[in-house]
Protein chains: 2
Amino acid sequence: MTASPSTVAESSAPDVDVVVVGAGLSGLTAAHRLRQFGARVAVFEADDRVGGRVSSAEVAGVHVDLGGTFVGPGQDRVLALADEVGVTRFATYTAGQNVIRWRGQHRRYRGTVPPVGASIVDVARIQLTLDRLARTVPCGRPAAAGQAAQWDAESLGSWLRRSHASSAARDLIAIAGRTTWGCEPDEISFLHALHYIHQAGGLSSMLDTAGGAQEEHFVEGSYEIARRLAAGLGEALRLRAPVRRIDATADRVRVTTDHESVSARAVVVAVPPSLRGRIAFAPALPPAHTQMAQRWPAGVLSKAYAVYDRPFWRDRDLSGQGLSDTGPVFITFDAGPAGLDAPGVLLGFVGGVYAREWDDLPPAERRARVLSSFADLYGPKALDATGYIDQRWGAEPWVAGGPTAVPGPGAVVPYASALAEPVGRVLWAGTETAKRWTGFMDGAVRAGERAALQAQALLAVPTTDDEQTGVAR
Amino acid sequence: MTASPSTVAESSAPDVDVVVVGAGLSGLTAAHRLRQFGARVAVFEADDRVGGRVSSAEVAGVHVDLGGTFVGPGQDRVLALADEVGVTRFATYTAGQNVIRWRGQHRRYRGTVPPVGASIVDVARIQLTLDRLARTVPCGRPAAAGQAAQWDAESLGSWLRRSHASSAARDLIAIAGRTTWGCEPDEISFLHALHYIHQAGGLSSMLDTAGGAQEEHFVEGSYEIARRLAAGLGEALRLRAPVRRIDATADRVRVTTDHESVSARAVVVAVPPSLRGRIAFAPALPPAHTQMAQRWPAGVLSKAYAVYDRPFWRDRDLSGQGLSDTGPVFITFDAGPAGLDAPGVLLGFVGGVYAREWDDLPPAERRARVLSSFADLYGPKALDATGYIDQRWGAEPWVAGGPTAVPGPGAVVPYASALAEPVGRVLWAGTETAKRWTGFMDGAVRAGERAALQAQALLAVPTTDDEQTGVAR
């Protein structure tokens, strides 16, 4: 490993087979699989920890997932990976009734359809229409949809207005959008919203707890998957190593940080789309790639956890699942273990328009507002938390938002293909590049595995410098 | 100047008074004014040339402006700066008739209103409405407009549809938008479009040649302004020096490139909004700044010049100003000097949807398509160019697009204040941060001068370490 970033042509064997940029779940998975294939890898992570949008903390003695948390049916790749590294899971608590604060009223309900009065029919109409249109958008190829140009030219919010959606339907879709994308309906390309719904198996699969993408979470926490993958990488993993440039030739890549420069046969860039722009590529990436990195910003979603001596809401036959048409917290889950004697854990999401104000508040004020939101749903006992923690993903320098990238109108048809399209020996991972479950942990794992296979295919082809150096592959 | 980027606290005097990041027209102006104030400056430019979105080339012996070109009435600051450095200007050629290709027909016309048939009344209605609404958006404070939330929630394209604009009006506005912002109407927040129109003095001021922002250009080329400012900076200017991190304390900043680290009392970051994300700030910028940098992407506008032995179109009483409702070139100007014996120079713009395809073509194909567009407007003689050059701003690694940043729906109300709002000793310049003529060279100069005044004000306040080191200011 030399210190000369500008020299690309070299006749000796490369330092490693593949460099992976970014040690989120996607990059870690790519590196893990490549090592299973027998490849030599180096992994550079800009931050001082692995995991990317998966992170953890302990609060009042309880483990909480600060980022990606839930898994559900159909998310086969993250489930297989968790099994492989020995991380176990349990069902999200759903017993009892859900609550909703809506138009100043507090109501209980069972099942997935909140009681929003006569508008319920219109809510069903909008949901059915979204699901029907979503199925016409090919997974992984949104620009190939028959109405792609029209749908990419408008936002989800514009479509809702054009469809004369009731205010209840618009507000419920806004809540779903904030949770899923960390944005308001006016910010997201309608084509992207439809594509996302389709590749997550439809609205129910995407939004439901029991039977949906929030069905289970991990006993040891989702971060434990990342931690175990990282431990397996040993010295191949470098933290605090932002990659500054990637130089590519027909046969080689050279990846340079502030401290070292490593040559390889391929590089897997596994960072969120907007962070690709921080790396200088030589030769420059095709214009569509440069533009895409500027047009798929991260959403804004923050998470807050309050821990209680007991899950007091369960005493009152409440599930801990709640919705609100005001903020800052607009959706809650019971994220604690089973049993009435275990500590109680409420998880609240703050996103989109609410996150913009709340993220800028001082810590004590953020806590006060979240507990007040919890109390609105679950009564004054919710103010007596024994522990509290929040995570503002929009303030994380090496993530820059969450949970996933949100293209605005006009950013999908011309640019979506740049998400995953290899540029010579530069390959792409990260949940945004997945064809199924993009935006979820499962998408991150799928993308990492696909990139590992692409890199492996490149390694299998002899190059000019193999002939020169006599390396047999 | 030490090599220790991580140490910020220091008791000695800073290396310089102000560091300027980016040697585009805005950063160069800031540095120039600060030196006139007596300040010691260092300027770091990532690219191997100065100028940013102002650049030049010679083709077939003729000088052409590859980036910012035109100036007009009201652009007082760039005109004053040009006078100051001795760069002179001349009127854009406008004698004779304009041409338009529209719905398959070729027509000549005089003045600023193209003959689009009966739709002319609707075009006038849309223009008047845009101008009227634009005047209600306060310059520099778009979020303070009475209808800011509603207008930011939709795109210019959505507003045109909602206003039942005729297809002629929509297509003409699309041409104006491609030229002005390098985007399609569906990509731009309607609030931003209105604000931009207002701060450029209205649609006529923004779009017209005679009497408008395209009235004149520079004899020596706009790049000569940048070159002369850079020459005046001497060794204070470093090229090929991308800034990687900025560490700030209450009293100091430290700016670090791959090769050096410089302390100062203030830093002026004069790069396009989307490139701010490439710099690591410690402490991290407030979340709104991080989000803004992801949500104000550069537009996509490319320029192409063809040079001819003679300006043959002038023989036929044509001005060289042309419009087309097809691409790749959708608007042209005569960018050559006066006189029938001088070489003829046609300038064509390729932007928005057309640039996305054309930018990816090989050079010979790009030339063939541009000359074919010119021939559609000016006849087959346009195919016999003696010289040709194009500039794809979307492919420039340290500009990443052009001519200016384009926020989509939802990106103005929450984030526009982060464009110019100082963060302690971190100040911002660049044309996007100007309150007047943002997006133009004049805005770049205004922003640079404003940032220089802000930095000067910081220098005038004694700091703790002045007391320690006995520096009198």
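Predicted model: local features only at pLDDT ≥ 70, side-chain atom pairs only at ≥ 80, totals over all residues.
Local features here need pLDDT of at least 70 and side-chain atom pairs need 80 or more, while totals for chains, interfaces and linings use all residues. Residues are numbered from 1 along each chain, chains are lettered from A, and side-chain values use heavy atoms, leaving out hydrogens and water.

**Exercise 1.** Work out whether helix α7 of chain A is mostly covered or exposed.

*Solution.* 
- Start with the helix itself: α7(A) spans residues 190-199, a helix being a DSSP run (H or I) of at least four residues, numbered from the N terminus.
- Now count: nine of the 10 residues are buried, where buried means under 20% relative accessible area with a 1.4 Å probe, protein chains only. Among them are F190(A), H192(A) and Y196(A).
- Next, look for partners: the buried residues pack against α3, α4, α5, α6 and α8 of chain A, with contact meaning heavy atoms within 4.5 Å.
- Finally, check the ends. At the start, a side-chain oxygen of S189(A) comes within 3.2 Å of the backbone nitrogen of L191(A); after the helix comes G201(A), with a positive phi near 85°.

So α7(A) is mostly covered.

**Exercise 2.** Describe how chain A meets chain B.

*Solution.* 
- Ask which element leads on chain A's side: helix α11 (residues 287-295) gives the largest share, six residues.

Terms used:
Buried < 20%, exposed > 50% of the residue type's maximum accessible area, 1.4 Å probe, protein only. Helix = DSSP H or I, 4+ residues; strand = E, 2+ residues; numbered from the N terminus. Polar contact = N/O pair within 3.5 Å; in protein donor to acceptor, adjacent residues only side chain to side chain.
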